[in-house]
Amino acid sequence: MSMAEVEVLKARDVPLGGPRAMTVRRTLPQRARTLIGAWCFADHYGPDDVAESGGMDVAPHPHIGLQTVSWLFSGEIEHRDSLGSHAHVRPGELNLMTGGHGISHTEVSTARTTVLHGVQLWVALPEGHRNAARNFQHYAPGTTRVDGADIRVFLGSLAGDASPVPTFTPLLGAELLLDPGATVELRTDPTFEHGLLVDTGEVRMAGTLLQSAELGYAGAGSDVLTLVNESDVPARAVLLGGTPFEEEIVMWWNFIGRSHEDVAEAREEWEKASDRFGEVDGYPGDRLPAPALPNARIAPRKNPAHR
C-alpha cells in the first residue's frame, strides 16, 4: 500500500451537549469523507479534568437510523435510555445502543470521574434495518497481544479475536496500544476500508504519519495494514473498518435518514414528545430541544470516490 493511498482527515472542535457543552474533536463526517464502512461519526474528547471542564452532561436527546458506540480510555459515564437501560460506560468496555426507528438517551459523567477521555462513534444503519427496534448491548473484550501491540476488539474480528456483538453491516472496531517504536502488521479483510484515529503518540499508517487527533483513511483492497509507532512512548489508536457503505444518507442533528423529509418528521415528533422516542427516566433536567431546520433542503451525502 503506497503513501498516496492514505488520506489524513483533520479534526475540528465542536461543542457537544447543549447549554452545558463540552468541546470534542470531530473527524467524521467532513467534506472529504462522510463514512468509513458504516462508521459515520467520530468524536474524540479529553483528557479533560472534570473539576475544570465540568465533565459530560448531555440531557435526553433522540436518535434515528443509527447505532451509538461509546468507548472510554478513562473516566466513567452513566447511560440511561428509553428502552429502560441503565448502564455505566467504563474504560475498555463497549456500550452499543441501537436507535433505528427511534430512541432517546442521556450521557452523564459520574462523580467518580476525575479525567474524562474517550471516543463517541456512530454507525449508520442500512436501508433494510434503519427502522430497527431499540436495543442496548454491553461487552467487555479481552486483550490480544500481537507483535508490539495490545488489541481490544469490540466489534468485528481482528488478530484472531472476534466480538460476539452482532452488526447490521460488516464492521471492525478495535483499540490498539502500540509499544514505543513498535511495528505491527495486521491481517485485514481486503473488502474493508479502514480508518485509524490516533489518540496518543504518532503512528505511521501504511507509510503516512498521523498525529494525535488525526484520522487516517485507507481504501479497500489490501489484506495487510502496517502500523508503526514513531514515538518513544506508547501510542494509542482506534481502528475502524467496514465494507464501503454505498447508500446516500441525510445526517442532521442526531438523526440519520435518507431524505430531508425523514429528519424533518423525526424533529417534529421529538418536539411534540411522541411515543416514537419514549422517555428517559432518572435524569434531573429537561430534554434537549431540537434546533431549527435549515431554510434549504438537506441534501443526501455519500463518499467521494477514493483517490
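Before you click anything, one term: buried means under 20% relative accessible area, exposed means over 50%, and partly exposed sits in between, using a 1.4 Å probe and protein chains only. You're looking at a predicted model, where local features need pLDDT of at least 70 and side-chain atom pairs count only at pLDDT 80 or more, while totals for chains, interfaces and linings use all residues. Residues are numbered from 1 along each chain as its sequence is written, and side-chain values use heavy atoms, with hydrogens and water left out.

**Stop 1: Phe73**

Select Phe73, in strand E6. Strands (E, at least two residues) and helices (H or I, at least four) are DSSP runs, numbered from the N terminus. Phe73 counts as buried because its relative accessible area is 10%. Now show what surrounds Phe73: leaving aside neighbours within four places in sequence, its contacts are His44, Pro91, His117, Gly118, Val119, Glu175, Asp199, Arg236 and Val238. Contact here means heavy atoms within 4.5 Å.

**Stop 2: the largest nonpolar core**

A nonpolar core is a set of buried Ala, Val, Leu, Ile, Met, Phe, Trp, Tyr and Cys residues joined through side-chain atoms within 4.5 Å. Which members of the largest one touch the most other members? Select Trp39, Cys40, Val69, Leu94, Phe154 and Leu155, out of 34 residues in this core. Then colour the strands that each supply at least two of the core's residues: E4 (39-49), E6 (66-74), E9 (94-99), E11 (115-124), E14 (149-155), E22 (215-218) and E24 (235-242). E11 gives the largest share, five residues.

Zoom in on Leu155. Not counting residues up to four places away in sequence, Leu155 touches Trp39, Val69, Leu94, Leu96, Ser163, Val165, Thr167, Leu171, Leu172 and Gly173. There is also a second, separate core of 26 residues, with Leu158, Leu186, Met205 and Leu210 among them.

**Stop 3: Gln120**

Back to strand E11, where you'll find Gln120. Is Gln120 buried or exposed? With a relative accessible area of 11%, Gln120 is buried. A polar atom of the Gln120 side chain lies 3.4 Å from the backbone oxygen of Val69. Beyond four places in sequence, Gln120 touches Phe41, Ala42, Asp43, Tyr45, Thr68, Val69, Ser70 and Glu107.

**Stop 4**

Pick Thr23 in strand E3 (residues 22-28). Setting aside neighbours within four places in sequence, Thr23 is in contact with Asp13, Val14, Tyr45 and Asp48. Follow E3 onward to the loop between E3 and E4, where Pro29 is found. The peptide bond from Leu28 to Pro29 is cis, with omega near -5 degrees. Pro47, in strand E4, is worth a click as well: the peptide bond from Gly46 to Pro47 is cis, with omega near 0 degrees.

**Stop 5: Ala206**

Go to the loop between strand E20 (203-205) and strand E21 (208-210), and select Ala206. Its phi is near 50 degrees, a positive value in a residue other than glycine. Ala206 is buried, at 10% relative accessible area.

**Stop 6: after helix H2**

Why does Arg276 count as buried? Because its relative accessible area is 13%. The side chains of Arg276 and Glu269 are joined by a polar contact of 3.4 Å. That term covers a pair of N or O atoms within 3.5 Å; within protein, one must be able to donate a hydrogen and the other to accept it, and residues adjacent in sequence count only if both atoms are side-chain atoms. Besides Glu269, Arg276 touches residues including Ile64, His101, Gly102, Ile103 and Arg134, not counting those up to four places away in sequence.

In the segment after H2 you'll also find Ala273. Its phi is near 55 degrees, a positive value in a residue other than glycine. At 48% relative accessibility, Ala273 counts as partly exposed.
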